[in-house]
Amino acid sequence: MFSEYSGLSKDFIKRAFEEFGIKALRPFAETAVDGIREELIQNKIKFKPIWYKEKIDASSQKVRRIGIQNIKQQIYDYIAVEAMKDFLKRIGEYQCAALKHKGQSYGIKAIKKWLRNKNIRYAGQCDIKKCYPSIDREKVMEFLRKYIKNEPLLNLIALLIGTFETGLSIGSYLSQYLCNVFLSQIYHEIAERMYRIRKKRNGIMERIKLVLHQLFYMDDILILGTNAKDIHKAMKLITQKAEELGLKIKDNWIVFTTVMKRKDDGHFIDIMGVRIYRHHITIRQRVFLRVRRAYKKAQALIKQKKKIPLWLARKCASYKGILDHTNSQKIKKKYQTAQTIKVCKGVVSHESKIRQKAKQSYREAA
């Protein structure tokens, strides 16, 4: 990219970096910034073709087709998302995926809080078939044009998504935001338009919401309510709304009770890698196996007084959240996770300090 904007050869830039270090790249970065600005102003933007690879999702074991973008296109993705920041406020409060401060922990806490209400007795779950690839790009642009009046931004988004093989590309920074905001139409439909009218004895007409709470984890949809018929009706309306948007809800959608006659927690809600019961939370079996495997490896290395590799340290540290937000006391005790996490944090911190020193020396040199 530096070679493209500066007009100098890759070998020259490489030699400059090897001789003078990272400070030699600052002028090239400034040139790239100026070049990108000019391309945006003149609307003359070109990208290298995206290449794709098949990857098995560790959580669901599904085969995903991941799009690998050139670094230049990734930069333009960030520009587009930054420019859309105000519009992205349309995304629903409980659309928990790919958004800052709205991850698994946020969603789990919300569901746990909702289930404390004993009147919430029924739940419905469904997901969208091949969500990213099946999203119609023309419908996305039509939706954006209703609310965004910034023509250069619309042109940039149209150009970026036009490079995708089909629908939206998995792996694109822009795609996750476009997917969330596009699905927000279903989210707001549930919240604002799904209701029934009940006529009281005194003749007053009362509007009753079919769904009391809803949560989206990207394309996984969860709805909660007090009446089984209302939840069934809502699921059918969600299916209809999805079809209007060119999407298909999988046929295996279910409606189930969260309360049983027996003295137990009832049916669990399986979402976001955990099983949420009314009174406790457990880790989903597939996720649990990955968590256990990671901590066993780390614990074995600690016992052998060997260094934990950075990738494993980060993995163990990332699993801390799911252990803290579930009833996992036994696994914590068995694999001494507190001690392991402490060591892993030290490994990650050491790596961060090295990077921080490198950045500091770069700033001083600049």
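Predicted model: local features only at pLDDT ≥ 70, side-chain atom pairs only at ≥ 80, totals over all residues.
Helices here are DSSP runs of H or I with at least four residues, strands are runs of E with at least two, and both are numbered from the N terminus. Residues are numbered from 1 along each chain as its sequence is written, and side-chain values use heavy atoms, with hydrogens and water left out.

**The chain as a whole**

The protein chain holds 14 helices and 11 strands. Its C-alpha trace spans about 85 × 60 × 35 Å along the principal axes. Of its 366 residues, 40% count as buried; buried means under 20% relative accessible area, exposed means over 50%, and partly exposed is in between (1.4 Å probe, protein chains only). Take contacts (heavy atoms within 4.5 Å) between residues at least 6 apart in sequence: 66% of them join residues at least 24 apart. The accessible surface comes to about 22,000 Å², and carbon and sulfur atoms own 52% of that. Accessible areas come from the Shrake-Rupley method with a 1.4 Å probe, and for residues only the protein chains shown count as cover.

**Charge and the positive patch**

For charge counting, Lys and Arg are positive, Asp and Glu are negative, and His and the chain ends are not counted. Each charge is placed at NZ of Lys, CZ of Arg, CG of Asp or CD of Glu. The chain has 77 positive and 35 negative charges, and their mean positions are 11 Å apart.

Which residues form a positive surface patch? They are Arg292, Arg293, Lys296, Lys297, Lys315 and Lys334. Patch members have over 30% relative accessible area and no salt bridge, with like charges joined within 9 Å. Helix H11 (residues 285-303) gives the largest share, 4 residues. Lys315 sits in helix H12 (residues 310-324) and is partly exposed at 35% relative accessibility.

**Salt bridges**

Side chains of opposite charge can pair when their charged atoms come close. The rule used here asks for a side-chain nitrogen of Lys or Arg within 4 Å of a carboxyl oxygen of Asp or Glu, and by it the count is 19 salt bridges. Here are some of them:

| Pair | N to O distance |
|---|---|
| Arg37 and Asp34 | 2.9 Å |
| Arg65 and Glu54 | 3.0 Å |
| Asp270 and Arg284 | 2.7 Å |

Arg37 and Asp34 both belong to helix H3 (residues 26-42), and since they are 3 residues apart, about one helical turn separates them. Arg37 is partly exposed at 43% relative accessibility, and Asp34 is partly exposed too, at 40%.

The Arg65 and Glu54 side chains also meet in a salt bridge. That pair links distant parts of the chain, with Arg65 in strand E2 (residues 63-68) and Glu54 in strand E1 (residues 51-56), 11 residues apart. Arg65 is partly exposed, with a relative accessible area of 35%.

Then there's the bridge between Asp270 and Arg284. Asp270 lies in strand E9 (residues 269-271) and Arg284 in the loop between strand E11 (281-283) and H11, so the pair ties together parts 14 residues apart in sequence. Is Arg284 buried or exposed? At 15% relative accessibility, Arg284 counts as buried, while Asp270 is partly exposed at 26%.

**A buried strand residue**

Ile271 is in strand E9 and is buried, with a relative accessible area of 1%. Leaving out residues up to four places away in sequence, Ile271 touches Ile111, Gln125, Leu215, Tyr217, Leu222, Ile276 and Arg284.

**Loop residues**

His101 has a phi near 65 degrees, a positive value in a residue other than glycine. His101 lies in the loop between helix H4 (71-83) and helix H5 (104-115) and is exposed at 67% relative accessibility. Gln336 also has a positive phi, near 45 degrees; Gln336 is in the loop between helix H13 (329-334) and helix H14 (337-365) and is partly exposed at 40%. Pro309, in the loop between H11 and H12, is partly exposed at 28% relative accessibility.

Technical notes. Patch = residues over 30% accessible without salt bridge, like charges linked within 9 Å, V, L, I, M, F, W, Y side chains within 5 Å.
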